[in-house]
Amino acid sequence: MIENIDLSLVDWSRAQFALTAAYHWIFVPLTLGLSFMLAFMETIYVKTGNPEWKRITKFWMILFGINFAIGVATGIILEFEFGTNWSNYSWFVGDIFGAPLAIEGIFAFFMESTFIAIMFFGWNKISRKTHLISTWLVAFGANLSALWILVANAWMQYPAGMHFNPDTARNEMINFWDVLFSPMAIHKFLHTITSGFVLAAVFVIGVSAWFLLKKREQAFSRRSMAVAAVFGLLTSIFLVVTGDFSSRTIAKYQPMKFAATEALHTGTSGAGWTVFGIPSQTEETSMKIEIPGLLSFMTYYDCDAYVVGINDLLEGNAARGMMSAAEKIERGKEARQVLKDYKAAKKNNDEAVEKRLRAKFDDPVFQEEYFKYFGYGFLNNPQSLVPNVPLTFWSFRVMVGLGFYFVVLFAVVLWLVLKDRLGKRRWLLWLMLLSIPLPYLAGQAGWIVAEVGRQPWAIQDYLPTAAAVSQIDAGAVQITFWLFAAIFTTLLIAEISIMVRQIKQGPKEV
Amino acid sequence: MFESLSQLALQQYWWVIVSLLGSILVFLMFVQGGQTLIYAVGKTEEERSLIVNSLGRKWEFTFTTLVTFGGAFFASFPLFYSTSFGGAYWVWMLILICFVLQAVSYEFRSRPNNFLGQRIYEYFLLFNGIVGTVLVGTAVGTFFNGAVFSVSDMNLSRWETPYHGLEAALNPHNLLLGISVFLLARVLALLYFLNNIDNEQIATRSKIRLLRNAVAFVVCFVTFLVWLLIKDGFNYDPVTVTKTVNLEPYKYLHNLLAMPVVLVMLLAGIVLVLFGIIRSLIGSRFTRGIWYAGFGTVLAVLSLFLVAGFHHTCYYPSIYNIQDSLTIENSSSSHYTLTAMSYVSLFVPFVIAYIAWAWRAMNKKQITTEELNEESHKY
């Protein structure tokens with residue numbers, strides 16, 4: 001049945017998931033970072049007893065609440081879309097992928113939702129310290145939720161800790177810790193949550209800058225900025241470091257994605273890093289401005305190291321022991337055929353054949369030389385292995401460029417706060433205010449690199465998106481896509497409108 | 001510890017956990033029930049505000065339980081997840097949309113400049129209250145009445161009608177359960193108002209509504225239950241390798257009689273629900289009806305889930321090809337995953353404990369207009 005899948009169904013299903021994920025990621029990073037900043041601010045309040053800090057905490061808490069609600073709303077759809085739109089995927093890897101989702105619910109969501117009620121409504125009902133603990137638990141709960149879903153996502157990029165069971169025709173988990181602590185999972189988690197921290201810090205700085213531009217709430221703004229600048233500077237440096245680790249992990253486990261982000265068609269030793277250029281899907285980058293040897297160094301800590309290009313992966317490179325895509329597709333088809341033959345033998349009670357074919361799936365040679373390419377068996381054209389090169393190339397550069405910009409921005413803000421010169425340069429306050437959309441842009445660009453860059457795979461090397469999709473009409477998905485687009489856009493307008501009004505009202509007296 | 005359990009024992013353990021989550025979800029749907037009563041019980045702006053804020057402090061428990069229920073079902077019985085969610089597309093999408101609208105409505109409702117206006121967010125809550133309860137009920141109904149799907153030898157499932165779940169939502173027996181869940185949610189909500197809101201008018205109106213909704217609920221639920229007990233059910237042969245499925249007359253009645261503990265749970269659940277309602281109606285100062293009826297709801301729904309999945313019963317029958325029906329044995333995760341997840345489940349009592357603490361801390365006193373006005377965060 002997979003052979004007959006309508007490509008427009010795959011495209012609409014991908015579009016719907018991308019739409020939901022992109023909207024979800026507008027709201028989640030602010031929740032991740034602001035929750036910790038609320039905890040810092042309330043800690044200062046409890047330590048100093050200064051009611052001004054309570055006032056500060058409560059103001060940001062209102063914005064947190066508005067943002068949190070819509071993050072929850074978009075999140076539930078993502079969880080269920082794995083089933084509604086990617087049902088073949090849900091079975092093929094549900095044995096591994098479902099576990100982090102369930103753990104997320106049991107451990108993180110309940111912690112977050114229980115203590116968020118205490119955090120919002122418990123100011124006059126429980127002691128100061130218990131309230132503070134609740135605020136910290138909201139922050140931990142929110143970030144713990146991010147851990148499990150990112151572990152699940154990382155596993156799709158680098159499937160570890162599993163074994164294929166031909167009887168159930170799915171992959172099954174054999175080592176939970178390999179799934180949880182895979183290098184991809186660790187780097188993805190750290191890089192993603194720190195991007196949320198940075199976004200929240202820029203948000204707090206930008207909003208505080210607006211108050212200063214309006215000559216309102218001077219003390220409030222300076223204090224908020226101080227917390228945000230310290231938090232932002234530390235986490236943005238960490239963001240750059242984890243980004244570097246992530247990039248090298250991708251080079252190792254997803255070489256096609258890596259080559260696409262660099263628009264590197266021909267593999268080369270001593271590869272330079274392209275600062276600017278016009279990338280192409282099939283040709284080398286034109287009008288290239290590059291720093292010689294930097295890409296090799298960033299990837300392997302060696303300026304002369306060989307970096308694999310798209311053509312190496314498509315055509316193979318015998319000198320470097322790399323198999324061509326066509327060969328992988330052939331082997332993948334053979335692995336799929338063995339599975340089909342096994343199922344047929346089982347159905348026909350042909351025990352001898354059944355036993356012989358069953359043994360293949362436990363044979364390390366078959367696993368390494370054929371089953372490893374199982375997903376390639378669904379593909380026909382090697383070119384379909386190449387993701388959208390210009391999109392990943394530019395998204396990567398937007399993300400990286402902005403990442404470095406944030407480090408500088410936080411350093412400048414911190415310096416201005418420490419020297420008490422915040423009000424002196426209005427253009428800098430404008431810059432801070434206008435920087436608010438930038439981490440949102442960087443975050444979306446980062447997810448484009450991660451998700452567009454891994455196409456055509458739902459599960460790297462094992463399941464392409466075309467084989468993962470639910471068997472429904474493309475028209476049905478098209479309807480729900482537009483429905484979600486309308487609902488999310490309406491709610492986004494409402495959210496921004498409420499936020500702007502709340503900010504204009506400013507913090508209330510406590 | 002869990003490693004030594006058989007695959008079947010783990011499957012049964014996880015069916016109990018998923019069933020427990022499902023039953024708690026039905027209880028917590030009093031939030032949805034309450035959302036359908038905002039205008040019926042709250043006649044002034046102040047009363048409506050009390051009702052919305054009272055429910056608003058609990059909506060996330062229901063929401064989180066729904067998400068965890070989905071996650072746990074995915075992790076333990078992924079073939080159900082892939083079959084039902086990918087197949088009954090329209091029903092699940094409608095359920096999701098109504099929960100999306102609910103999630104923002106509490107927070108956005110009374111905020112200035114909320115773009116759509118307070119009324120629209122209250123209508124979203126009403127929509128969630130009606131559609132959420134009825135459709136979740138009809139979805140559970142398919143556990144007894146089946147759905148039109150097939151499963152290939154590669155365990156890939158396919159819905160065999162173009163209606164993608166709408167046909168199941170219109171099945172009279174499923175619909176009866178959906179309406180029962182809707183009415184039960186309203187009954188529980190009214191009991192919750194009596195417990196949680198300190199307002200004379202709301203209490204008086206809640207009692208009047210309670211009687212009407214309780215009578216309607218009992219009629220619908222008893223009809224559903226009797227119908228269930230006399231209908232054919234989907235049995236599978238637990239001994240043979242092929243696990244052949246056959247239709248068995250009075251299957252669910254047989255299941256209850258074969259599992260006396262489940263029968264007692266069902267009866268105890270019904271008695272507790274009725275006790276909670278009747279005691280609240282006749283006792284002028286009795287406000288604990290929600291706890292009796294709530295616990296009774298959990299027991300009764302849990303017993304229905306166990307009747308659907310235990311005693312070699314297909315919990316998700318295929319009426320397209322009954323041999324494709326899903327059972328706890330043929331649709332579960334591997335032994336390793338169920339074992340790992342079982343260790344995680346040991347933390348559930350801890351989670352329940354801190355939820356109970358939080359609930360108590362927040363509900364020491366009933367909600368009043370004065371308290372609401374003192375709060376910095378208000379829905």
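I call a residue buried under 20% relative accessible area, exposed over 50% and partly exposed in between, with a 1.4 Å probe and protein chains only. By that rule A:Gly94 is buried, because its relative accessibility is 0%.

**Ground rules.** I am working on a predicted model, where local features need pLDDT of at least 70, side-chain atom pairs count only at pLDDT 80 or more, and totals for chains, interfaces and linings use all residues. Residues are numbered from 1 along each chain as its sequence is written, chains are lettered from A and ligands numbered from 1 in the order in which they are written, and side-chain values use heavy atoms, with hydrogens and water left out.

**Chain A, domains.** I looked up the domain assignment of chain A. Domain 1 takes 2-254 + 387-505, domain 2 takes 268-307 and domain 3 takes 318-382. These bounds come from an automatic or database domain assignment. I then checked domain 2 against domain 3 of chain A: their C-alpha centres lie 36 Å apart.

**Chain A, two distances.** I went back to A:Gly94 and placed it in helix 3 (residues 87-121) of chain A. Helices (H or I, at least four residues) and strands (E, at least two) are DSSP runs, numbered from the N terminus. From A:Gly94 to A:Ser246 I count 152 residues along the chain and 25 Å between C-alpha atoms. Next I took A:Ile26, in helix 1 (residues 7-48) of chain A. A:Ile26 is partly exposed, because its relative accessible area is 21%. A:Leu239 is 213 residues from A:Ile26 in sequence and 18 Å from it in space, C-alpha to C-alpha.

I opened A:Arg397 and A:Glu262. Their side chains meet in a salt bridge at 2.7 Å, N to O. A:Arg397 sits in helix 14 (residues 389-418) of chain A and A:Glu262 in the loop between helix 8 (255-261) and strand 3 (268-269) of chain A, so the pair ties together parts 135 residues apart in sequence. Both A:Arg397 and A:Glu262 are buried.

I compared a local pair. A:Arg331 and A:Glu327 form a salt bridge at 2.8 Å, N to O. Both lie in helix 11 (residues 325-347) of chain A, four residues apart, about one turn of the helix. A:Arg331 counts as buried because its relative accessibility is 17%. A:Glu327 is partly exposed, because its relative accessible area is 31%.

In chain B I checked B:Glu107 with B:Arg111. The closest N and O atoms of this salt bridge are 2.8 Å apart. B:Glu107 is buried at 4% relative accessibility, and B:Arg111 is buried at 9% relative accessible area. I also noted a network: salt bridges that share partners join B:Glu45, B:Arg48, B:Arg109, B:Arg119 and B:Glu122.

**Chain B, surface patches.** Patch residues have over 30% relative accessible area and no salt bridge; like charges are joined within 9 Å, nonpolar side chains (Val, Leu, Ile, Met, Phe, Trp, Tyr) within 5 Å. Accessible areas come from the Shrake-Rupley method with a 1.4 Å probe; for residues, only the protein chains shown count as cover.

I found a nonpolar surface patch of about 820 Å², with B:Val218, B:Trp227 and B:Leu274 among its residues. Which helix gives the most to the nonpolar patch? Helix 11 of chain B does, with five residues. Helix 11 and helix 13 (260-282) of chain B each supply at least two. B:Ile282 is in helix 13 of chain B. B:Ile282 counts as exposed because its relative accessibility is 68%.

I also logged a patch of negative charge on the surface: B:Glu46, B:Asp198, B:Glu200, B:Glu370 and B:Glu374. Lys and Arg count as positive and Asp and Glu as negative; His and the chain ends are not counted. Each charge is placed at NZ of Lys, CZ of Arg, CG of Asp or CD of Glu. B:Glu200 lies in helix 11 (residues 200-230) of chain B. B:Glu200 is exposed, because its relative accessible area is 62%.

**Backbone notes.** B:Tyr250, one of the nonpolar patch residues, has a positive phi of about 55° although it is not a glycine. I place B:Tyr250 in the loop between strand 4 (245-248) and helix 12 (251-258) of chain B. In chain A, a cis peptide bond joins A:Gln455 and A:Pro456, with omega about 15°.

How values were computed. Salt bridge = Lys/Arg side-chain N within 4 Å of Asp/Glu carboxyl O.
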